[in-house]
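Notebook open, structure on screen.

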Amino acid sequence: MLSMTPPMGWNSWNTFGRNIDEALFRQMADLIVEKGLKDVGYEYVVIDDCWALKQRDENGKLVADPAKFPNGIKALADYIHSKGLKFGMYSCAGSRTCDGYPSSFGYEFVDAQTFADWGVDFLKYDFCFRPKLTNGPILYNRMGMALKATGREILFSACNWGEFETEKWIRSTGAHMYRSTYDIRDNFDSIKSLALSQVDKLAYSGIGCFNDIDMLVTGMRNKGLAAGGGCTDVQYATHFALWCFFQSPLMIGGNLSIMTDDDIELLKNKELLAINQDKEARPPVVLAGGDRPIFFKHLDNGEYAIAFFNLTDGEATMYAEFFDIGITPECGHGFELRDIMTGEETGFVKDYLGTKVEPFGFKIFRGKFVKKN
Ligand code: GLA
């Protein structure tokens, strides 16, 4: 089964928008391998919108723009597979894609077969220009079944931005991940509002179908289509930590050829990725809300995590009260945790955990729940 943990990869939209070609995807695939991103789990290389000609061929099939993809899509898929990576493409449930290219309404079964013939492993499926009287469940179910009918294993990445309460029906369409938000921009206000919009919806996300808060802007540094002012190092780290803690799919949106080593290291942070890829995939308990949220989360292997996010511009002292999860000192148990970023240990804590968090920063502690006599 696909999507046992949140899918990971790279997508062209945030940085390159319409300016895509075969050479770009080959280069990004090379860099995913060379920079060690493949080794930590990034595997899907995804072409977003603007890859096709404006007209279908005489058989009603989509045609890749030969000026952008001179060797055709199959050759690119073969190249990406030869690097040990997987290959993704994009279409839309309406008559045109969001940027005006032909898309799959009425052609779902034809297009799914075209993608399967090309060796596609992942389909992002958008929601623009759809007939108003159609609805999400039917359109996504139709493509979900068309993909399965090809016999090829294709990860179905739905993108209807949370409209019509996506979280309530999308899992039943065969989708493996679902965009729950409108498009991200490279600034902290956007990151914060997308993340906070999903806090009370995370219980719908889990094994087989994960809530996708949108592609990462980590390391974009205000360059490319989604530029919106950029973020500081601390803000990018908090963005990545939020996406990891919420177990969102991790689709890198930056240009890997100009990203700094520190930004690549952040994307490879083993502790954050371990939480993102945690096999139990349980939603967090919200211990505090607003723009200084605190979360508690069960992890695999009997471990737990407590996360403090300070989304404000002032330093914060934050407290996770264990009675809020039903744990009092009288139960004879407490936590032994460590700060996953610094390694610093808390010792045995049984009432609460308090910590200072820098402006726009975060702290995540993980460890065991132990009995003390
Ligand atoms: C929508 C999606 C984006 C991107 C564009 C392409 O806006 O939300 O992620 O795919 O379409 O046109």
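This is a predicted model: local features need pLDDT of at least 70, side-chain atom pairs count only at pLDDT 80 or more; totals for chains, interfaces and linings use all residues.

Entry 1: I started with helix H7 (residues 188–197) and helix H8 (residues 233–245), whose axes are 10 Å apart and pack at an angle of about 20°. Angles under 35 degrees count as roughly parallel, so H7 is roughly parallel to H8. I also looked up the handedness, and the crossing of H7 and H8 is left-handed.

**Entry 2: another pair.** Next came helix H4 (residues 108–118) and helix H5 (residues 136–149). Their axes come within 8 Å and cross at roughly 40°. That angle makes H4 oblique to H5. Which hand does the crossing of H4 and H5 have? I checked, and H4 passes H5 in a right-handed crossing.

Entry 3: Which side chains put a polar atom by a ligand oxygen? I noted Asp49, with a polar side-chain atom 2.7 Å from an oxygen atom of the ligand. Asp126 has one at 2.8 Å from a ligand oxygen. For Trp161, an N or O atom in the side chain is 2.9 Å from an oxygen atom of the ligand.

**Entry 4: how covered is the ligand?** Taken alone, the ligand exposes 310 Å², and the protein buries 92% of that.

Technical notes
Residues are numbered from 1 along each chain as its sequence is written. Side-chain values use heavy atoms; hydrogens and water are left out. A polar contact is a pair of N or O atoms within 3.5 Å; within protein, one must be able to donate a hydrogen and the other to accept it, and residues adjacent in sequence count only if both atoms are side-chain atoms. Accessible areas come from the Shrake-Rupley method with a 1.4 Å probe; for residues, only the protein chains shown count as cover. Axes are lines fitted to C-alpha atoms, for helices over the stretch in contact, and angles run from 0 to 180 degrees between N-to-C directions. Helices (H or I, at least four residues) and strands (E, at least two) are DSSP runs, numbered from the N terminus. Angles under 35 degrees count as roughly parallel, over 145 as roughly antiparallel, 65 to 115 as roughly perpendicular and the rest as oblique. A crossing is left-handed if the near helix is turned anticlockwise from the far one by less than a right angle, and right-handed if clockwise.
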